[in-house]
Amino acid sequence: MAGSKPASARGRLPAELTSFVGRRRELADTRRLLSSSRLLTLTGAGGVGKTRLALRMAAEVRRTFADGVWFVELAALHDPALLGHTLAGALELSQVSADPTADLAEYLEDKHLLLVLDNCEQVAEACAVLVSKLLAAAPQLRILATSRHVLGVEGEQVLAVPPLSTPPADAPDADVDQYESLVLFTDRVRAVVPEFQIDESNRAQVIEVCRQLDGVPLALELAAVWMRTLSLSQILERLEDRFRLLSGGRPAGPVRQQALDAAVTWSYDLCSPAEQLLWERLSVFSGGFDLEGAEEVCSGDGIPRHDMLDLVAGLVNKSIITRTMATAHTVAWYDMLTTISQYGGRRLAEAGRTREFKLRHRDYYRALAAAWAEDSFGPRQADWFIRLRREHDNLRAALDFCLAEPGEGPAAVEIAAPLWNFWFAGFLREGHRYLTLAIGAAPEQTPARALGLWAGSYLSMFLGETDQPARLLAECEELAERYDDDSLRARIAEVAGHALLYQGDLPGAIALLEEGLAGYRAVGDKLGEFDALILLTATTFFLGDPRAEGFGQAAYELAASRGADSSKAYALWSVGIVQWRDHDQVDEATRSFREAIRLWQPLNDRTGIGFCVQALSWCAGSAAPDERAARLMGASRAVWRSSGAHVDETTPYSQYDDRTEQGIRAAVGDVVFDAAFAQGAAYSFEQAVALALGEERESAAKPGLAGRLTRREHEIAVLLGEGLSNREIAARLVISQRTAETHVDHILSKLGFASRAQVGRWVAEHPER
């Protein structure tokens, strides 16, 4: 189910790390074509500057798009099935169905927005299909793509990005400022040799370097780095040697591709043998790596582990890899441009060692998943969440490798299953997909498969699957008995109790959760014990059982003793609900919920934040049932929509929502409630959190048009007015039932209604959209 974008962000573009040079004509052509066409593809060889041109154009036109400009990097994506989810993630739409394309189309339908899709050639066919559908559904959407070849979509405009302008052979006295390649080369050389200037003594050599490299920006930047250690004459000599080598024994390619090959190969040749090996081996990473990963995957057989830091520093100095600064929760991160990585990958393949290092990459991320499971309930919990988000592309790459290789299914399970709570915190449907594929690829009944079955049942429960959770759990129970696994028995009791809680069978849930708690304590599983305590707090709270306070306090003390901030935030929620309901301590409860939200914010745990915004709406509804309380209830719906989980739709939680709504309606009236609720429900995630924390700007509280229905939503609202069920609506419109449910939820949220009958009455009063 599609979420909403942060209104303040106006999209998301990466910062430019170096100066932008030239391209006046290309910028003008891009602007002209983008104004007359809804899809413009910038094509050209690797390294010619397509991405920089797209980013600069996006920055220049962002103010003309009311809903912002959004950059989506596709270089690390190799599985076309994840394209829709990747795009939804870039747009911050967490709660998507099994058909993300439909969710994206519905979200973008009334948006005036520019999407920048970078490196589409990785998944060109899938991009073409997705782009076609989105453009058909969203009349105000424009797409700027970069690709090494056209997408082939109807209505596509194509602009071939040329190399930078370069002096002709008969212009030895060319003015530096007149040719873009000279300006770029000079700028980049000054980054390593600040005193560098073009004068009569070196002008001809600089021009020849730019001509030899055909004005290809990446090639010029690679050459400029070597001015730190080589003279211009030495650079020219090596380039000439490289061109002769490249042209021998094979047909000559396009000049600019030869220039790039020459620059990259020449840079490779100037690296030490150990640096060359490292360059090749680093190509198995996807989306970047840290020093530890490089050491584990790439060291040995010619690369001593103790030399790794110096070798990485050497490749940074040569502009082969780039570095991102460390933060309070992260270490330094390194990455390679796609062209550089692909070159290393080709060298690794020529040496016949690709599979060897992909297996080492797999082993590293299998070990990382195991370490997460072992260490993430402790003082490094926040670091772990942030680290895995950064390693997301590598986790995907490792899983994709395992799922594509015969016999590697068990390894896929061993990576995906321990990450169940990472998937839940932000990648629910993706994690479910990987677990489903991994379980299918690892049919042998092993303890690893048992954990995969349990994790799959857990995630599928939150996705509203009907038969899968019980089916997976049944096989898991068989394996728990086969292996006499008490830990697995405790897990099964917990997830079965969790399911009963969401179904509203509170006494049954308590019995199973207490069984799970005892089992976790018996095997010494502290995270399992904590989870069971949180669920017992919730269940006894909803049942009115006085033990809720004891369970919540025990959970808080356990999390605090472990120094686990994310878990402590969940414990603060459990303490807060008891403070509010059993002791009428609204102020204390509000402080607990807000402290929890602030602990979750750096981790971007939207599911956890959803619990607390919802609880804050209960507090407001009981203490001050006014317009703000109604708006906070709507904001709670917005956060749940953004989180990807469906907790607010489960019986016990929705019952408290209903009681709160009734109280506010009685105090302010239906008209005020409906308007305020609809306003809050249309908030972005950031707006909703600001309201919950008491930090909302006055301007954000002013009513707007955000609750307006899209054309598709109005069509479905009419069918609701006719009394059709979700299944009947899906059949009528030829969409999935889940997509129909998603639309219905949006309609109820935007209009601020609690029942389908209210929608019917609204349609009668608003026959036209």
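**Nonpolar cores and positive phi values in the predicted model**

Within the largest nonpolar core, which comprises 212 residues, the members that touch the most other members are Leu115, Leu117, Phe185, Leu282 and Trp573; such a core is a set of buried Ala, Val, Leu, Ile, Met, Phe, Trp, Tyr and Cys residues joined through side-chain atoms within 4.5 Å. Helix H25 (residues 526-543) supplies the largest share of this core, 10 residues, where helices (H or I, at least four residues) and strands (E, at least two) are DSSP runs numbered from the N terminus. A second, separate core holds 22 residues, among them Leu40, Leu42, Leu55 and Phe71. When neighbours within four places in sequence are left aside, Leu282 is in contact (heavy atoms within 4.5 Å) with Phe289, Ala294, Cys298, Leu315, Ile321 and Met336.

The model is predicted, with local features requiring pLDDT of at least 70 and side-chain atom pairs counted only at pLDDT 80 or more, while totals for chains, interfaces and linings use all residues. Residues are numbered from 1 along each chain as its sequence is written, and side-chain values use heavy atoms, with hydrogens and water left out.

Most residues other than glycine have a negative phi. Arg23, in the loop between strand E1 (11-12) and helix H1 (24-36), has a positive phi near 70°, and Asp301, in the loop between helix H12 (291-298) and helix H13 (308-317), has a positive phi of about 50°. Arg23 is buried, with a relative accessible area of 3%, whereas Asp301 is exposed, with a relative accessible area of 51%; buried denotes under 20% relative accessible area, exposed over 50%, and partly exposed the range in between (1.4 Å probe, protein chains only).
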